[in-house]
Amino acid sequence: MFVFVYPCSEYAYVSSWPIVDRKLGSVSAVDFDGAGNVVIFHRASHVWSLGSFDTENRFQNATDGPIDHHTVLTISSDTGQIIREWGENLFYMPHGLAIDHEDNYWLTDVALHQVFKFDLKYSLSEPVLVLGHRFEPGHDMEHFCKPTSVAVLKNGDFFVADGYCNGRIIKYSPDGRPLLTWGRNSFILTRTFELPQGPVPESFFAIPHALTLVPDRELLCVADREQGRVQCFHAANGTYHSQYSSPDIGSRLFSVKYVPTNGGLLYIINGPQFTIDVKPVQGFILEMQTGKVVGNFQPNNLLHAFANPHELAVTRDGAEIYVAELNPQMVHKFQRIVKGSNALLINKTVREEGFVNANDTVHCASNAFNQPMFDTGNSVITAGSIGIFSIVSTLLVTSLLVILMARVICFRPGNSIPRMDELPLRNMGEA
């Protein structure tokens with residue numbers, strides 16, 4: 001297994017992505033399929049308003065019928081073009097989307113109070129598993145109340161965040177049998193008890209809004225939306241492990257995703273704040289080892305500024321971020337820019353040449369370009385070195401004569417001109 005070392009990075013906003021031929025509805029979720037394409041789940045013409053549910057959490061617009069437009073769109077991460085679309089006449093109020101390691105699609109609908117599993121090789125209209133009862137909110141193990149998100153383990157067990165009313169996490173076997181549940185609803189608008197003064201205890205949720213797995217630590221982390229924190233639990237038994245929050249993030253936190261770089265990073269998006277000390281709406285990168293915010297991202301285009309982001313997806317190497325937004329109704333793309341010259345070329349080379357695979361990890365280091373080619377026991381290769389070697393190889397093939405002449409000049413005794421073959425490495429390390 002190789003460990004790739006990148007210099008510390010920032011993210012550029014890609015305003016030209018995606019290219020769609022229609023107006024999207026509120027984009028509630030985003031994830032990646034097995035081919036690395038971006039998949040979004042949107043609500044088309046349906047809007048979640050104050051009148052959408054009654055006081056018993058029953059959907060009030062069921063007689064209007066399901067959304068008659070395609071609600072699931074697959075978009076090329078490179079070109080931004082729509083590759084596939086489906087999901088018409090199935091959903092009433094889309095919310096969560098997760099695509100597992102076998103390319104099964106898990107979707108939640110808060111109006112239906114149901115969770116669906118689709119195997120697209122089998123059908124685009126018939127789910128292979130349905131949990132919950134249609135339009136029936138409930139609190140027992142056969143019902144959900146506005147379920148929000150799903151996360152799937154490699155062994156097929158899966159978790160459901162349930163959700164806006166119940167404030168709990170349920171773990172299931174691959175065939176949909178409940179294995180365990182934990183959590184209690186602490187959302188001020190729906191809870192039925194008074195909390196004591198002071199910090200809210202662990203395992204209380206004010207809308208468990210999104211889930212992410214941390215495989216290398218065997219954890220499940222939950223975006224505890226209205227309490228502005230991420231809570232992490234042991235995936236095996238649901239016991240509490242840790243939690244993360246920051247004054248920079250504020251009181252509301254909509255989604256979290258784990259990336260196994262730099263000792264483990266949590267990518268987080270907050271949302272509109274309802275407090276006096278209002279925090280800007282943006283994305284954050286939080287270090288799990290220290291709990292510190294080490295970076296952030298947001299559109300640099302005022303026309304596309306975050307207003308109400310809802311969910312995000314991050315590539316495993318952290319090179320690209322996608323954010324689904326309810327209003328404005330769109331999906332945003334960010335691409336990592338490595339600090340230093342030829343940054344985009346390095347990213348492009350590493351990804352396109354296949355240097356990063358499922359068993360590789362990527363680390364961020366400010367002095368990456370000064371790292372040794374190999375490190376004892378870790379086989380460390382710097383991304384900068386890969387990019388430089390690729391460039392030099394091309395030059396050797398196309399400009400052999402020029403390079404040979406340059407070497408003669410560089411090694412001439414008494415010549416004060418620096419070595420040309422060292423300049424790219426030195427400049428990139430110092431930038």
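Q: Which strands each supply at least two residues of the lining of the largest cavity?
A: In this predicted model, the strands that each supply at least two lining residues are β3 (27–32), β7 (94–99), β11 (147–152), β17 (208–214) and β25 (309–314). The largest share, four residues, comes from β7.

Q: What makes the space they line count as a cavity, and what is its volume?
A: A cavity is a set of points where a 1.4 Å probe fits but cannot get out, and the count comes to one cavity of 30 Å³ or more. The largest cavity has a volume of about 60 Å³. Of the 13 residues that line this cavity, the closest to its centre are Gly96, Leu97, Thr148, Ser149 and Glu311.

Q: How is the lining of the largest cavity divided by class?
A: The lining comprises five nonpolar, seven polar and one charged residues, where Gly is counted among the polar residues.

Q: Why is the pair of Tyr11 and Tyr267 called edge-to-face?
A: The ring centres lie 6.4 Å apart and the planes make an angle of 85°; because rings pair if their centres lie within 6.5 Å and planes over 60 degrees apart count as edge-to-face, the name applies. Tyr11 belongs to strand β2 (residues 9–13) and Tyr267 to strand β22 (residues 265–270), so the pair ties together parts that are 256 residues apart in sequence. Both Tyr11 and Tyr267 are buried.

Q: Why is the pair of Trp106 and Phe158 called tilted?
A: The centres of the two rings are 4.5 Å apart and their planes stand at 40°; since under 30 degrees would be stacked and over 60 edge-to-face, the pair is therefore tilted. Trp106 lies in strand β8 (residues 105–109) and Phe158 in strand β12 (residues 158–162), so this pair ties together parts that are 52 residues apart in sequence.

Q: How do you know whether Trp106 and Phe158 are buried or exposed?
A: Buried means under 20% relative accessible area; Trp106 has a relative accessible area of 1% and is therefore buried, and Phe158, at 0% relative accessibility, also counts as buried.

Q: Which residues do ring pairs link into a cluster with Tyr11?
A: The cluster joins Tyr11 with Tyr13, Tyr267, Phe297, Phe306 and Phe334, and the count for the model comes to 27 aromatic pairs.

Q: What makes the charged end of Lys146 count as sitting over the ring of Phe53?
A: The charged end of Lys146 is 4.1 Å from the centre of the Phe53 ring and sits over that ring; the distance part of the rule asks for NZ of Lys within 6 Å of the ring centre, and the rule also asks for a position within 35 degrees of the ring normal.

Conventions
Residues numbered from 1 in each chain as written. Predicted model: local features only at pLDDT ≥ 70, side-chain atom pairs only at ≥ 80, totals over all residues. Heavy atoms only, no water. 1 Å grid on protein atoms, 1.4 Å probe; cavity = no way out; pocket = protein on both sides within 12 Å on 5 of 7 lines; lining within 4 Å. Points joined across faces, edges and corners; volume = space filled by probe spheres on them. Phe/Tyr/Trp six-rings, centres within 6.5 Å; stacked < 30°, edge-to-face > 60°. Buried < 20%, exposed > 50% of the residue type's maximum accessible area, 1.4 Å probe, protein only.
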